[in-house]
Amino acid sequence: FNTSPSSSCVQVSQYACQRRTPLQDINQIFTDAFEILAENCEFLGNKELCKSFLRASAVLKSLRFPIATMKDLDGLPLLGNEMKTIIEEILEDGKCARVLDVINGERYKSFKLFTSIFGVGLKTSEKWFRMGFRTLEEIKNNPEFKFTKMQKYGFLHYEDITSYISKSEALEIYDFVRDIILKLVPDAVVTLTGGFRRGKERGHDVDIIITCPRKEKEKSILHNTITILKNQGLILFYDINESTFVETKLPSKKVDALDHFQKCFIIFKLVKEGVGATNIKDNEMESKNWKAVRVDFVITPYKQYAYALLGWTGSRQFERDLRRYATNEKKMMLDNHGLFDKTKNVFLDAYTEEDIFEHLGLEYLEPWDRNA
Ligand code: TTP
Ligand code: MN
Ligand code: MN
Ligand code: MN
């Protein structure tokens, strides 16, 4: 096959759900720039511009050829003048002044730092930034501050949590947890989702989705599993959100709305076999033989499982485009709980992700092609 841009006569869709986006991003020099600008907009509360940057980035990620000249952009959607100016500057200089200004800016640097703490979002970051804080030390050592339990543990395990999790570490935790769950409920379905399901080699957390085909049997799984893990001393922190799911509720209009399933945000103690022992023998400083790893559990009824799996597999931009496509092109409403056809006034049942793509009239995309 030919990968040169001129040979691609097929129109590139404006929706990520109509394009293949593998992990390998050959336009990373541009997409990195757009994602920094998008993040900066998010920190400034400029949602519209943030969306535009993320959509532009996603278009470039789907290309099978590297952008080499401005001519290569002909016919591509979602790349307006603002986006083209940035691409042109990077093509000429290898960098973009606007991006450099952002990453050296006080606000971006502070928000990056603050939001890297587990339990700290945009609101808290804004507050701390306005109060004049710029470093973690200033915040951590401030006796005036009241931290949530999540933030306290976020600080406590900061180094571990902000370091990457390898695929083998993710699989180790997944296998371990799945074994425990299958002993409790033999027909439970336990799936590693999120970035690792999309083929990523490293991630910032381990996302695990759980269901059971026998009605209501999924309901006891979370608490029983947490109890077992706690008794084994493997839970450093956990926060259970009970389900608020209502089957008759229409899918959410907000593209970034959280879902209503039972879930648990965990800091897991991953014990590394063999690490530490040699150091003790050599009488060196005792090294820690475990690593704190962020793990998310989500538990869904069987009927909503395919929708939840699709939603939790991501990427976030892929999910946003799926919903936008459903709304704008199909007069349907999609979220992590289901798909509602507004023309026929019915919820559409699905038991596999393939079913959902079919309902939407989309060609099926494997998880590893959803890296928008
Ligand atoms: P993340 O775990 O944040 O992201 P990721 O797995 O793609 O990448 P990494 O962890 O390596 O940074 O989210 C995974 C998906 O889960 C994302 O598409 C959004 C979705 N999600 C929900 O649908 N509902 C929720 O309540 C949460 C917390 C996430
Ligand atoms: Mn994840
Ligand atoms: Mn993430
Ligand atoms: Mn997650």
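Guide: This is a predicted model. By class, the shell around ligand 1 holds two nonpolar, eight polar and six charged residues.

Visitor: How many residues surround ligand 1, and which are the closest?

Guide: Ligand 1 is surrounded by 16 residues. The closest are G194, G195, G203, H204 and G314.

Visitor: Which elements give two or more residues to that shell?

Guide: They are α11 (194-197), α14 (305-313) and α15 (316-330).

Visitor: Take α14. Is it mostly covered or mostly exposed?

Guide: Mostly covered, with nine of its nine residues buried. Among them are Y305, Y307 and W312.

Visitor: What happens just after α14?

Guide: G314 takes a positive phi there, about 70 degrees.

Visitor: Changing topic: strand β4. How many of its residues are buried?

Guide: β4 covers residues 206-211, and six of its six residues are buried.

Visitor: Which ones point which way?

Guide: V206, I208 and I210 point one way from β4, while D207, I209 and T211 point the other way. In a regular strand, side chains alternate between the two faces of the sheet.

Visitor: What does β4 pair with?

Guide: Strand β2 (residues 189-193) pairs with β4 in the antiparallel sense, over five bridges. Strand β7 (residues 290-299) pairs with β4 in the parallel sense, also over five bridges.

Note on methods: Residues numbered from 1 in each chain as written. Chains lettered and ligands numbered in written order. Predicted model: local features only at pLDDT ≥ 70, side-chain atom pairs only at ≥ 80, totals over all residues. Near = placed C-beta within 6 Å. Helix = DSSP H or I, 4+ residues; strand = E, 2+ residues; numbered from the N terminus. Nonpolar A, V, L, I, M, F, W, Y, C, P; charged D, E, K, R; others polar. Buried ≥ 20, exposed ≤ 12 C-beta atoms within 10 Å, placed from the backbone. Pairing = 2+ DSSP bridges.
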